[in-house]
Amino acid sequence: MKSPVRRSAVFLGAVALLAAACGSNGGGGGDGAQGGDGDEVLKLGYVLPETGQLAFLGPPMIQSTNFAIKVINDSGGVLGKPIPKVVGSDEAGQEAVAAQAADRLLNAGVDAIIGAASSAMSLAIIDRVTGEGVVQFSSSNTALTFTDYDDGGFYFRTAPSDALQAPVLAKAIQEDGHKRVAMVARADDYGRGLLDSTKKALEDGGVTVTLAETYDPKATNFDQIVQKIKNSNPDAAAVIAFEEGTQILQSMIEAGLGPADIGVYGTDGLRSEELPKLVSPADPGRLAGMKGTAPASASNPEFVKALKEFAPNLNVLQFAPQTFDAVTTLALAAEQAKSDDPGKFAEEIVAVTKDGEKCNSFPACKTLLAEGKDIDYDGVSGPLDFVDAGEPGQATIEVYAYNDKGELETVRTEVSKG
């Protein structure tokens, strides 16, 4: 089970953000042995996808890390000192590479690691990171596995559990009038967890799930799983995938199972501005009508504006707000604990996200802490309100869709509570 921590969140003030919108990187590098060397310098590292299946998520998460550090350092840093340049390492979508990346950061003496992006990659490193008494803080892990994982109180996430996304996905499917739904998912903790949770939500709503099957994401051909979808005679299909979802969607369209034929739904792993062009380069509009759900990435226009001013080349924003909030929460916890020792500030992470005086930026929250007040950090990703498991007790979930031109649009956002 999880342990220590406290308090919570929702949106970052435009003034603080815009004041920090231009400038250099920040980060958490470092020397020394394990985290928690007590030098009063908060050292951060990241294990995030610079290559591999989730490489499209790397830029928004890395730039949000840098942006958050700049905001923090422009406000006097943590414990009176700036966070050093972040130590970055690639998870690459490979467990062995992710493990080596984590070892590299631990040897660099970081106090906390942002990442990994993939739930599978986090599972590959969580024991070695938390076992060293270093905080691991993911902004995109959604697998249910982590809620009760035995991490000694050192693992946290700003990404909502799939238990919060599944009801919104099921609702979106039901609202469109579908009665027979086929579901396929990658065979990992993320895919299985979201598949099972969504299946239950659909069936509780009276929908017949005609197929609920996992597939090997490393396969080179997905015709067999698509044929199973077709044989189940659905009026809608949900695909829980990452990059391989491109091939699955291509095969579905060829089999007469595209958005023009049945309802097609995805989740956060398929939410990308580039997806229609990848599926059908000559006619991105073939994905028109496809819908999906994901933790909200653009519900705070002030944050989006400021982040894009900081990193003008960013096209994808998925998990950017959650990453910004992860770094900010870490910094506030260290301020609250008056220490960069992970064993001490880990006990304050839940605390700074709930039950205190509300504040919506690092400088505002830091001022309240200096006055001896409890704080409730309201982040740019929406309310955090961490539960004891070190994860949000509620989440802002986006329902997205692709229009006739193959452009990504937000249909709506809604708050889902556990």
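At what angle do helix α2 and helix α11 pack, and how far apart are their axes? Helix α2 (residues 58-74) packs against helix α11 (residues 320-337) at about 40°, and the axes lie 8 Å apart. The model is predicted, with local features needing pLDDT of at least 70 and side-chain atom pairs pLDDT 80 or more, while totals for chains, interfaces and linings use all residues. Residues are numbered from 1 along each chain as its sequence is written, and side-chain values use heavy atoms, without hydrogens and water.

**Helix α2 with helix α11**
- The crossing of α2 and α11 is right-handed (the near helix is turned clockwise from the far one by less than a right angle).
- Contact residues (heavy atoms within 4.5 Å) include M61, F67 and I72 of α2 and F324, V327 and A331 of α11.
- By class, this contact has 11 nonpolar, 4 polar and no charged residues.

**Helix α11 with helix α13**
- Helix α13 (residues 362-370) packs with α11 at an angle of about 15°, with axes 10 Å apart.
- The two helices α11 and α13 are therefore roughly parallel (angles under 35 degrees).
- The crossing of α11 and α13 is right-handed.
- T328, A331, L332, E335 and Q336 of α11 meet F362, C365, K366 and L369 of α13.
- This contact of α11 with α13 divides into 5 nonpolar, 2 polar and 2 charged residues.

**Disulfide**
- The structure holds 1 disulfide (cysteine sulfur atoms within 2.5 Å), which joins C359 to C365 with an S to S distance of 2.0 Å.
- The torsion about the S-S bond is about 105°, so the disulfide of C359 and C365 is right-handed.
- C359 counts as buried at 6% relative accessibility (under 20% relative accessible area, with a 1.4 Å probe and protein chains only).
- C365 is buried, with a relative accessible area of 0%.

How values were computed:
Axes are lines fitted to C-alpha atoms, for helices over the stretch in contact, and angles run from 0 to 180 degrees between N-to-C directions. Helices (H or I, at least four residues) and strands (E, at least two) are DSSP runs, numbered from the N terminus. Ala, Val, Leu, Ile, Met, Phe, Trp, Tyr, Cys and Pro count as nonpolar, Asp, Glu, Lys and Arg as charged, and the others, Gly among them, as polar. Buried means under 20% relative accessible area, exposed over 50%, partly exposed in between (1.4 Å probe, protein chains only). Angles under 35 degrees count as roughly parallel, over 145 as roughly antiparallel, 65 to 115 as roughly perpendicular and the rest as oblique.
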